[in-house]
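Biologist: I'm new to this one and could use a guide. Could you pick a single part, take me through it closely, and then show me what goes on around it?

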Amino acid sequence: MDGPDVGWYLIVAAILFGIGALGVMMRRSPLIVLLSLEIMLNAANLTFVAFARQQGNLDGQIFALAVMAVAAAEVAIGLGLIVAMARRRMLLDVDQASALRG
Amino acid sequence: MGNVLVWIIWFIAAAACLGTGVAVVSMTNPFYSALSLIGNLASLAVLFLLLSAEFVAAAQVLVYAGAVMVMFLFVVAYLGGRADAPWAGGPPLLRTAAVVAAAALLTEIVVVLGLAWGDDLTDPSQVSASFGSPAEIGEAFLTDHLLAFEITSIVLLVAAIGGVVLGTTREKEEEIA
């Protein structure tokens with residue numbers, strides 16, 4: 001395989017996952033939390049694709065595509081929730097939205 | 001020679017990937033955050049190409065950087081100034097705990113990688129030129145992974161209905177409130 005070994009890709013994925021986890025835990029805006037979640041999902045995707053290349057097996061790439069579809073669904077629902085929060089004039093702050101009461 | 005070129009491309013893509021990742025997490029304006037995420041997804045697509053995953057890279061750019069991020073930018077535009085996200089991350093104790101937890105996660109992953117480094121991670125298998133091409137992905141989806149393929153469509157349908165339900169205003173709400 002030309003270029004870096006699979007391990008280097010995994011290191012990039014690990015750092016990316018750490019950045020995303022930091023964003024999810026530290027930021028309070030639900031929009032930024034969703035974006036950070038996307039970063040974490042993509043780090044997982046990079047790991048799947050890297051191992052698919054390592055093993056010479058396509059299953060990892062199939063899983064990465066499935067993760068992409070689930071991420072699209074998650075964004076649709078998450079953005080729907082954020083718009084619903086904005087409609088009810090709630091503060092856009094995940095710390096404030098702690099009750100499930102409609 | 002080709003080897004060096006691949007290393008250079010890998011390094012640029014990886015650096016862009018991590019840099020835009022930090023930008024997504026640290027921007028106060030969600031619009032810039034979303035734009036940085038597009039850059040992040042594009043550089044990840046380059047890494048996917050280097051891993052001979054052509055179809056995944058194309059889907060990443062089309063579906064993710066295209067469709068999903070447009071949806072995101074629409075919501076940011078809809079919210080306008082209300083979407084601005086000041087950095088204040090709650091009490092200092094919680095902020096410290098968040099950094100410690102993220103650092104712990106990262107350390108765990110890196111330690112596991114370091115332990116596995118010499119054995120399996122440096123000897124990739126040989127793959128044919130058509131590995132990861134749309135034809136091979138399609139064949140795998142419609143033979144071995146047909147159930148996952150069909151369930152994915154149901155997940156997307158449920159999410160679409162859920163998005164519509166969450167987005168519509170109901171008359172009843174006025175009475176309750």
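Modeller: Let's take the second largest pocket: its lining has 12 nonpolar residues, 2 polar and no charged (Ala, Val, Leu, Ile, Met, Phe, Trp, Tyr, Cys and Pro count as nonpolar, Asp, Glu, Lys and Arg as charged, and the others, Gly among them, as polar). Keep in mind that this is a predicted model, where local features need pLDDT of at least 70 and side-chain atom pairs pLDDT 80 or more, while totals for chains, interfaces and linings use all residues. Residues are numbered from 1 along each chain as its sequence is written, chains are lettered from A and ligands numbered from 1 in the order written, and side-chain values use heavy atoms, without hydrogens or water.

A pocket here is an open set of points on a 1 Å grid where a 1.4 Å probe fits, with protein on both sides within 12 Å along at least five of seven lines; lining residues have an atom within 4 Å of a point. Ours has a volume of about 280 Å³ (the space filled by probe spheres set on the points, which are joined across faces, edges and corners). Of its 14 lining residues, those closest to the centre are Leu65(A), Ala69(A), Phe141(B), Phe149(B) and Thr152(B). Two or more lining residues come from each of H3 of chain A and, in chain B, H3 (54-79), H5 (134-142) and H6 (146-167). These are helices, meaning DSSP runs of H or I with at least four residues, numbered from the N terminus.

H3(A) gives the largest share of that lining, 5 residues, so let's follow this helix. H3(A) covers residues 59-87 and reaches 42 Å from its first C-alpha to its last, close to the 42 Å expected (1.5 Å times one less than the number of residues). Of its 29 residues, 21 are buried (under 20% relative accessible area; exposed is over 50% and partly exposed in between, with a 1.4 Å probe and protein chains only). After H3(A) comes Arg89(A), with a positive phi near 60°.

Asn45(A) counts as buried because its relative accessibility is 0%.

In total, 72 residues of chain A are in contact with 84 of chain B. Together the chains bury about 7,000 Å², 77% of it on carbon and sulfur atoms. On the chain A side, Met26(A), Arg27(A) and Leu35(A) lose the most area, together 10% of what that side buries. Buried area, by the way, is the accessible area (1.4 Å probe) two parts lose on being put together, summed over both.

Helix H1 (6-26) of chain A is part of what covers the buried residues of H4(B). In H4(B), the buried ones are Ala98(B), Ala102(B) and Leu113(B). H4(B), residues 92-116, has end C-alpha atoms 36 Å apart, which agrees with the 36 Å its 25 residues should span.

Back on H1 of chain A sits Val24(A), which is partly exposed because its relative accessible area is 28%. Beyond four places in sequence, Val24(A) touches Val33(A), Ser36(A), Leu37(A) and Met40(A). Val24(A) and Arg89(A) are 65 residues apart in sequence and 23 Å apart in space, C-alpha to C-alpha.

Note on methods: Contact means heavy atoms within 4.5 Å.
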